[in-house]
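Here is a short note to read beside the model. Please keep the structure open as you go.

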Amino acid sequence: MAIEDYFKGSSQAYGQLAGSLLAGRRKEDKKQAKRALLASTVMATFGALQNQQKQSIIDASNDVKDKYQDIFDNNEEIYNKKRGARADYLSYKENPNDYIETKAAELFNKDLELQAELGTNPYSRISKADLTPESYESAMEVLKEKRTEAKNYIEAQAGNAAVTTQTFTKFNAAAKEEYEAALAAVEDDPYKQGLIKSAFSKIFGVGEQKKMELLKTLEDAKTKRMQQESTIPYMDTVKGKEELINNQIKTGEEKASRDSFMYETKTMKLEKQEKEIIKSIEEARTKNILAGSKEEKELEDNIITAYRKGYKVSKIKELDEIQENDIPAFVSTFIKVDRIRANAPDIDPTDFLTVKERDLYDLGMGITRDDINAVEEIRNTENRLEVVSQINSMIGQETDVSKKLSMIDGNFGTDGTDATGLSSVYISNVIRAKTHLMNKYDMDDIEALQTAMDMQLEGVSIGTGGSGEYYNKGWIRKTFTSQEKTHGIEYVNPDVENLPIIPDTANLHAQNLNEYKYLQNRSYIDDEGNSQTLRPDRVGKEYTVDDEDFTVSFIVNNENKWIPSVTYK
């Protein structure tokens with residue numbers, strides 16, 4: 001409402017009148033001129049007060065406009081922010097079950113931990129075929145939580161006016177109504193509508209009632225807006241934004257520290273298991289592991305697992321060349337070498353190994369002691385093809401050798417590189433023995449291959465063993481009888497085969513007899529003319545090797561071990 005200016009021009013009019021009277025010469029005119037000047041001064045003062053009051057109303061109106069413009073802007077921001085929630089709410093009203101499942105999947109896919117473990121679309125990976133049973137059950141539990149979270153979310157939105165009001169005009173109506181009331185309370189205040197009206201209102205008592213009505217209207221409008229605003233969560237307001245972000249960060253950090261379960265597929269579980277097994281082997285402090293201890297058994301189990309799964313263990317480069325039933329002996333040797341190395345770092349620990357122990361250790365570690373590198377020769381495709389060609393030419397024939405070869409588990413393949421199981425190990429054993437024969441015994445390629453083939457055949461099986469020939473020093477080709485199917489093979493070391501039985505080697509020979517099963521499978525004729533195996537299976541069992549100058553006797557002791565004794569003639 002405009003302010004009426006009752007004093008506009010009055011001061012100027014009285015001033016002009018005073019000037020006119022002063023121009024006269026009558027004494028009465030002089031008196032009237034003084035009254036006119038006084039009136040002009042009074043009117044000027046009232047005019048100034050009137051203008052001051054008018055400016056006060058203008059300033060107050062502008063303050064109201066500024067204050068409510070902030071409220072309008074805040075409302076618009078809140079309303080726009082809830083655009084997605086309004087769409088969610090409509091979807092929920094149309095089909096509650098479909099909405100909850102869709103929202104749960106969305107929440108599941110947004111979980112950063114699940115993304116890290118199951119990829120960019122974790123929800124699509126929830127299947128019994130892909131996940132481990134434990135992870136599947138855990139994922140279903142998490143999804144159940146997400147469904148509850150989705151339901152709680154949408155039901156909470158139902159009380160939010162910014163969600164349930166479908167247009168901004170309606171949402172902002174309460175604030176606009178309060179704004180108009182606040183503006184009226186400033187502009188329509190009867191005490192501010194002019195000095196005369198203000199005085200009139202005071203004299204007749206109507207101003208106080210009008211003022212109270214304006215303030216009551218404003219209070220009612222404000223209460224209505226505050227009721228609507230109370231339906232909007234504090235964190236959705238402009239002031240709550242920063243606090244919301246900080247809370248989300250804190251919640252995320254707490255969740256990360258609280259949640260320790262790692263969701264994994266079957267493939268991920270296998271990869272995790274592989275890393276754990278390899279790490280356990282690589283970091284094993286073998287120098288502190290005692291023979292027969294729990295730690296040795298644990299390391300043995302891990303190495304067997306790595307062997308079966310085909311894991312590549314850098315600490316044991318050629319693990320796949322060892323056969324499984326030799327792994328316990330390999331682990332024992334592996335630990336023994338590390339203990340010796342720790343206690344005597346300036347010596348070669350393999351000098352203290354038996355021949356069998358050194359064979360196993362060198363094989364697993366990929367160590368060659370010859371000029372020609374046995375490891376490289378074993379990996380050479382042409383060498384493997386050469387052995388396989390020899391084998392394939394014999395398999396299928398009605399011979400003892402063919403039967404023996406057929407007993408070996410696995411397939412020899414077509415070129416040796418595709419061989420499987422013990423068949424692959426057998427090929428490697430032949431090449432290894434051939435390389436050693438060429439290096440140390442000056443055999444040519446053809447002779448070394450044939451000799452190595454015959455040697456390694458004896459390591460195929462314990463079986464019924466033996467031949468009718470007397471056991472003596474030096475290596476003898478054997479004629480084998482039919483044997484049962486084997487599940488293991490043994491490397492036949494040329495050095496063991498060519499070890500002469502003399503007083504100086506008696507202890508070493510006894511050691512070999514106690515460790516090499518294929519040697520124990522051989523037979524000899526005892527003093528009574530009976531055929532016996534060299535297995536140390538009976539206390540007091542004995543066999544002797546005679547020479548012109550000495551006799552070496554081997555007797556089985558109470559621990560079922562061969563021990564030697566020498567008698568000189």
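Leaving aside neighbours within four places in sequence, which residues is Ser424 in contact with (contact means heavy atoms within 4.5 Å)?

1. The residues are Arg384 and Ala419. This is a predicted model, where local features need pLDDT of at least 70, side-chain atom pairs count only at pLDDT 80 or more, and totals for chains, interfaces and linings use all residues. Numbering starts from 1 along each chain as its sequence is written, and side-chain values use heavy atoms, with hydrogens and water left out.

2. Ser424 lies in helix α20, residues 421-440. Helices here are DSSP runs of H or I, at least four residues, numbered from the N terminus. Ser424 counts as buried because its relative accessibility is 18%; buried means under 20% relative accessible area, with a 1.4 Å probe and protein chains only.

3. Now the helix pair. The axes of α20 and helix α21 (residues 445-458) come within 8 Å and cross at roughly 130°. Axes are lines fitted to C-alpha atoms over the stretch in contact, and angles run from 0 to 180 degrees between N-to-C directions. The two helices, α20 and α21, are therefore oblique to each other. Angles under 35 degrees count as roughly parallel, over 145 as roughly antiparallel, 65 to 115 as roughly perpendicular and the rest as oblique.

4. Residues making this contact include Tyr426 and Leu437 of α20, and Ala448 and Met455 of α21.

5. The protein chain has a mean pLDDT (the predictor's confidence in each residue, from 0 to 100) of 75. Of its residues, 69% reach 70 or more. Over residues 194-208 the pLDDT is below 50. Where pLDDT is low, the predicted coordinates should not be read in detail.

Key:
Buried means under 20% relative accessible area, exposed over 50%, partly exposed in between (1.4 Å probe, protein chains only). Contact means heavy atoms within 4.5 Å.
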